Amino acid sequence: MKRLAIVVVLFALSCAQKPETPVTRAKVRLNINQTLTYGPIMIAKDEGFFDAEGIDAELVSLDSNSAVTAAVAGKLDVLSVGLRAGVFNMILKGAPLQIVADRGHSDPQRCSVDAFIAPIALVKKIEAADGDLRGQRIAMIRGGVMEFLTMRLLEQRGLTANDIVMLQLPQGTPISSRDELEAVRFTSEPALSSALTEGWAGIIATADSVEPSHQNALLVYGKRLLHDDPELGRRFMRAYLRGVRRFNKGKTESNVAILSRYTKLPPDVIRRACWIAIANDGHIDPKTLQPFLDWALAENYLDAPAPVEKWWNPSFLESR
């Protein structure tokens, strides 16, 4: 009887406990495109990390300009974007945006995901001139990290923009074949490793050698996750960082399969590409962005100085 009484009491206590409040399922919209740098987001979506946080992650395919515009208008909750002055200008103008995590940076201890390349004949010509780029045609996209690194390359070789012929490329211009490359051109993976493997291009300089430890890309929250529902912002961050850590395990069979499915690239192309460095804990060192911000201000791409406290918000990393 005593044993029965104990069982009854334990049963009553268990019934009296309040059930856990279920996590409210929420849709979160974020941009993506078919490049390897979005790997952590692809993995977090495919492996159910967002689902585990009660998040229905809606991946929207947008070019960079459209994505920034959508984020400012509140049509994207999370902006995933390369380093560019326009994001900082929007923040300075009062747009409810802040950078909350790393989405890719240079790591000189690893392989290079970006480099200045040129046709083999041009590479040999430049090498024969001891690396002199004077008078060369250099293609770039203006106002972002690509132009910044190009200017760094010229400074390194004692030149200015007046010493080269600048070919301005529209946003999102890809290199898909040797016929499209008739000048020195900054390019990224997987086009970089493909060009080198196929043997039609060589490297003039890697991005790491021009500006070690620079920031490549950013994860940005909009008003909804920053102010309206910061708890949802923390849940998103937990899922994102799980994706980052899985991505950082490297070219596992599962990771390659997921990236191949989202990017539509063959698995062998993904395996030979250099994968970008992303901090496991999501932290950014603000000092690594300062050279870019100083350059952008001097070139009038930035409307005013951008204090760190305006654009960097690590609280979602620290409270996860």
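1. Helix H7 lies across strands S5, S6 (137-140), S7, S8 and S9, and runs at about 150° to S6. Contact here means heavy atoms within 4.5 Å, while axes are lines fitted to C-alpha atoms, for helices over the stretch in contact, with angles running from 0 to 180 degrees between N-to-C directions. Helices (H or I, at least four residues) and strands (E, at least two) are DSSP runs numbered from the N terminus.

2. The model is a predicted one, in which local features need pLDDT of at least 70 and side-chain atom pairs count only at pLDDT 80 or more, whereas totals for chains, interfaces and linings use all residues. Residues are numbered from 1 along each chain as its sequence is written, and side-chain values use heavy atoms, with hydrogens and water left out.

3. The five strands form an open sheet with mixed pairing, in the order S7-S6-S8-S5-S9, two strands being taken as paired if DSSP finds at least two bridges between them. Strands S7 (165-168) and S9 (201-206) stand at the edges with a single partner strand each, so one side of each is left without a neighbour in the sheet. On average, neighbouring strands of this sheet are turned by 35° against each other, direction ignored.

4. Within this sheet, S5 and strand S8 (residues 184-188) run antiparallel and are joined by four bridges, with Ala-115 standing opposite Thr-187 in S8. Ala-118 also belongs to S5 (residues 114-119), and counts as buried because its relative accessibility is 0%, where buried means under 20% relative accessible area, exposed over 50% and partly exposed in between (1.4 Å probe, protein chains only). Ala-118 and Ile-204 are 86 residues apart in sequence, yet 7.0 Å apart in space, C-alpha to C-alpha.

5. Arg-103 is buried but has no salt bridge, the nearest side chain of opposite charge being Asp-102, 7.7 Å away; Lys and Arg count as positive and Asp and Glu as negative, with His and the chain ends not counted. The side chain of Arg-103 does make a polar contact with that of Ser-80 (2.7 Å), the term standing for a pair of N or O atoms within 3.5 Å, of which, within protein, one must be able to donate a hydrogen and the other to accept it, residues adjacent in sequence counting only if both atoms are side-chain atoms. Among the other residues that Arg-103 touches are Thr-37, Tyr-38, Gln-215 and Tyr-240.

6. A salt bridge is a side-chain nitrogen of Lys or Arg within 4 Å of a carboxyl oxygen of Asp or Glu, and the count by this rule comes to 17. Lys-27 and Glu-58 form one of them, with their closest N and O atoms 3.8 Å apart, and this pair links strand S1 (residues 26-32) with strand S2 (residues 55-61), the two residues being 31 residues apart. Lys-27 is partly exposed at 45% relative accessible area, as is Glu-58 at 27%.

7. Arg-152 and Glu-211 meet in a salt bridge at 2.8 Å, N to O. Arg-152 lies in H7 (residues 145-156) and Glu-211 in the loop between helix H9 (207-210) and strand S10 (217-221), so the pair ties together parts that are 59 residues apart in sequence. Glu-211 is buried, with a relative accessible area of 13%. Separately, Glu-53, Glu-231, Arg-234 and Arg-238 are linked in a network of salt bridges.

8. In helix H12 (residues 253-263), the buried residues are Asn-255, Val-256, Ile-258, Leu-259, Ser-260 and Thr-263, and what covers them includes helices H2 (39-46), H11 (230-247) and H13 (267-272). Just after H12, Lys-264 takes a positive phi of about 65°.

Methods: Lists of a residue's contacts leave out its neighbours within four places in sequence.
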